[in-house]
Amino acid sequence: MPALIWLLAILILSSYPGNKIPAAPFFGFDKVVHIGIYFILSLLMMFGFWVSNNKENLTFKLMISTIVFGILFGGVMEICQHYIFINRSGNWYDFIANSIGAISGVVLSPQLLELLPLKR
């Protein structure tokens, strides 16, 4: 459920008119935000899989599926920003940042999930 809520948040933030977004405090800040947003998405998806099954079920196939989903969703959002959403523009650099976030969230998820104080 947290991953679904985060997906909805990404959709809302991605569709928000670009002229209403405050200026970035430094060059490249928006790329850091893109990486962070998709890092959190991948981490929340892996958390959901980890809690609903167990940590042994975080298979390579599941990790690759999560990465592919994050990359595809990030690509769809960039396309929507370019063609559908008002005052937004999708670009390849944002797509690359989304992909880096999705990949790094999955790669780091086993270590980060081990830090959670959950009964196993």
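Reader: Which residues form a nonpolar patch on the surface, and how much accessible area do they have together?

Author: A patch of this kind is read from nonpolar side chains that lie within 5 Å of one another and belong to residues with over 30% relative accessible area. In this predicted model, the nonpolar patch on the surface is formed by Ile 103, Val 107, Leu 108, Leu 112 and Leu 115, which together have about 440 Å² of accessible area.

Reader: Where does Leu 108 lie, and is Leu 108 buried or exposed, or something in between?

Author: Leu 108 lies in helix H4, which spans residues 92–114. Buried means under 20% relative accessible area and exposed means over 50%, so Leu 108, with a relative accessible area of 40%, is partly exposed.

Reader: Which residues does Asp 94 touch, and which side chain is joined to that of Asp 94 by a polar contact?

Author: When residues up to four places away in sequence are not counted, Asp 94 touches Asp 30, Lys 31, His 34, Glu 78 and Ser 89. Of these, Lys 31 has its side chain joined to that of Asp 94 by a polar contact of 2.6 Å.

Reader: Turning to the aromatic rings, how many aromatic pairs are there, and why is the pair of Tyr 38 and Phe 73 called tilted?

Author: Rings pair if their centres lie within 6.5 Å, and planes under 30 degrees apart count as stacked, over 60 as edge-to-face and the rest as tilted. By this rule the count comes to three aromatic pairs. The ring centres of Tyr 38 and Phe 73 are 6.4 Å apart and their planes stand at 50 degrees, so this pair is tilted. The pair links distant parts of the chain, 35 residues apart, with Tyr 38 in helix H2 (residues 29–52) and Phe 73 in helix H3 (residues 60–83). Tyr 38 is buried, at a relative accessible area of 3%, and Phe 73 also counts as buried, at 16%.

Reader: Why is the pair of Phe 69 and Phe 73 called stacked, and where do these two residues lie?

Author: Their ring centres are 6.0 Å apart and their planes are at 10 degrees, so the pair is stacked. Both residues lie in helix H3, four residues apart, which is about one turn of the helix. Phe 69 counts as partly exposed, at 34% relative accessibility, and Tyr 38, Phe 69 and Phe 73 form one aromatic cluster.

Terms used:
Residues are numbered from 1 along each chain as its sequence is written. This is a predicted model: local features need pLDDT of at least 70, side-chain atom pairs count only at pLDDT 80 or more; totals for chains, interfaces and linings use all residues. Side-chain values use heavy atoms; hydrogens and water are left out. Buried means under 20% relative accessible area, exposed over 50%, partly exposed in between (1.4 Å probe, protein chains only). Patches are made of residues with over 30% relative accessible area and no salt bridge: like charges are joined within 9 Å, nonpolar side chains (Val, Leu, Ile, Met, Phe, Trp, Tyr) within 5 Å. Accessible areas come from the Shrake-Rupley method with a 1.4 Å probe; for residues, only the protein chains shown count as cover. A salt bridge is a side-chain nitrogen of Lys or Arg within 4 Å of a carboxyl oxygen of Asp or Glu. A polar contact is a pair of N or O atoms within 3.5 Å; within protein, one must be able to donate a hydrogen and the other to accept it, and residues adjacent in sequence count only if both atoms are side-chain atoms. Contact means heavy atoms within 4.5 Å.
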